[in-house]
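Visitor: I would like to learn how to read contacts in a model. Where do we start?

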Amino acid sequence: MDALTAGLRVPLRAFDVDLTLEVEGTVALVGPSGAGKSTVLRAVAGLVRPAAGRVALGGDVWFDERTWLRPDERPIGMTFQQYALFPHLTVRQNVAFGARGEVEGLLDRFGLARLAGTRPGSLSGGEQQRVALARALARRPRLLLLDEPLAALDAHTRATVRAELREVLRSSGLPTLLVTHDFEDAASLADLVGVVVEGRLRQLASPSDLVARPADAFVGSLTGANLLRGLAGPSAGGLTELRLDGGGVVYSTDVLEGTGAAVVYPWDVTLARTAPDDSAQNHVAADVGSVSRIGNRVRVSVGPLTAEVTAESAERLAVREGERLVATWKATATRLVAL
Amino acid sequence: MRRVAFFALVLAATLTTLGFLVLPVVAIFTHVSPVTLARQLSNPVVDDALVVSAKTTFLAQALVLLLGTPTAYLLASRRFRGRSLVVTAIELPLVLPPAVAGIGLLVAFGRMGLLHTSIPFTQTAVTLAVAFVSGPLYVRAAIAAFEAVDPALVDAARTLGAGPARTFFRVALPLAGGGLAAGEALAFARGLGEFGATIMFAGSLQHVTQTLPLAIYAAFDVDFDVTLAIGGVLVLVSAAILVALKLATSWTLSLQASGFRFAPSTST
């Protein structure tokens, strides 16, 4: 698969969007609303013309000083925040709108065959999302652009759709650039997460690196949670146990079966030299990977997990890289999401 | 007690309004029996006026639709300097007194006018007068209809490989269709009733430039039955237009209501 390389400068009213990106696999841009994330997508799609820069997929240049391809000339599949399904066309006609291949197979694959004759207005949010994806993929694109793919969904649907979307991204194998304001969505969908603030890329790293070593306090506050992937199943006492992909078990009061992830906030994790004898169910003993100070707090990565403690506590524990520590947190502070 | 009195006042006002507005229409039909109306339809004056009105209305509205629709689309989808000036210029004929419109057309297209044509007092002049006074109504409604199309749908069409023309015909036009139809119904009704500009610019020559409203005026002193018969015909046509307008509007609303609406989380 070809990689997308994009260097863009787009002047907006309050600031310029100015960043450089390379997209292989799935890259998510996160940031507060109004940070210019969607503008990046629109510029890559050709819906907005940058003032300067270069956009290319593999060896094909879409934009530079001499070249400008219109959006309909770029091999992209894009989905929009509210899905932007054509309300006057049926599901089948929506998917067929830009289709290069046969449509029925896609409708089947996305579980839309039964709904093919209905108009989008009567569909649920999750169904609309599937139509939008099927419509984008029907064009046989070489690049996927997803604008807030999960924002229009309620919390309940969101987890299911997120899992579906992950599977679609994995099986399509297309380079994907997606935009979200939610770090958990970004972390669960993307290989690399870029934090965008006022049009600039503050940090681009893997989700766990972002949690463990945020470049600054803002990135630290935005990249909420640890995401530990594994296989969930029932355990004693009505709890759920998640067998982590990297070894170890995490307990949660949430109910889940199958592949999923535990979401643990760094500030819910305490650190100690030895496993404490307390009510907390979850203990991970591992070597300290990194120690990053953000203001009066310190982020300490212990094995797969990052804890956030006060600078004072870190000093008292004499936390240093390579030393063995025990990270502890409660089963009640462990959210489970399906993946 | 006071509540009853208030309600009685509101009811009385409503009934008076209704009576005042309906009475003249009812009066036309009580003065001309269906038999007379049918017989007058074969009167050559009425016949000629019907043909002139039908021909000129059809041509004028074709002109309005073919030129007004692209104009409205451009003005709705582009932002440029002087745009509001252009829109105001297009809307000006709406507020212009029809007689002034007629004089304007005369000095623009007359032999002594800016363009030196021989159009005045021909059937083409009727068509132009009707297009001039009814066109702005359509363009105004059409701009609003195109502006109401969600820009994300246009963007989506472009990213799905549709060029500007395909996007217009497959997305913008069908979605604005209800609003366009409603605007056209209003323009049609306004054009059909056109009097002032037509009589100034085209005169009132039977079989050539005498439309239904002009025939009403011409027959007024001669044969009151003809006047009433034409009046009856115009009432029926107008009522049909109104019904069409309501249908077009409700169709647009139902289409908009079917679109997915959710508490938007904005990001740029």
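**Reading ring contacts and accessibility**

Guide: A:A275 sits in the loop between β15 (270-272) and β16 (282-294) of chain A. Strands (E, at least two residues) and helices (H or I, at least four) are DSSP runs, numbered from the N terminus. This is a predicted model: local features need pLDDT of at least 70, side-chain atom pairs count only at pLDDT 80 or more, and totals for chains, interfaces and linings use all residues. Residues are numbered from 1 along each chain as its sequence is written, chains are lettered from A and ligands numbered from 1 in the order in which they are written, and side-chain values use heavy atoms, without hydrogens and water.

Visitor: Is A:A275 buried or exposed?

Guide: Buried means under 20% relative accessible area, exposed over 50%, partly exposed in between (1.4 Å probe, protein chains only). A:A275 is exposed, at 52%.

Visitor: How is a ring pair described?

Guide: By the distance of the centres and the angle of the planes. Rings of Phe, Tyr and Trp (its six-membered ring) pair if their centres lie within 6.5 Å; planes under 30 degrees apart are stacked, over 60 edge-to-face, the rest tilted. Over all chains there are 10 aromatic pairs. B:F195 and B:Y217 are edge-to-face, 5.5 Å centre to centre with 80 degrees between the planes. B:F195 lies in the loop between α8 (164-192) and α9 (196-201) of chain B and B:Y217 in helix α10 (residues 212-219) of chain B, so the pair ties together parts 22 residues apart in sequence.

Visitor: Which rings form a cluster?

Guide: B:Y73, B:F146, B:F168 and B:F169, linked by ring pairs.
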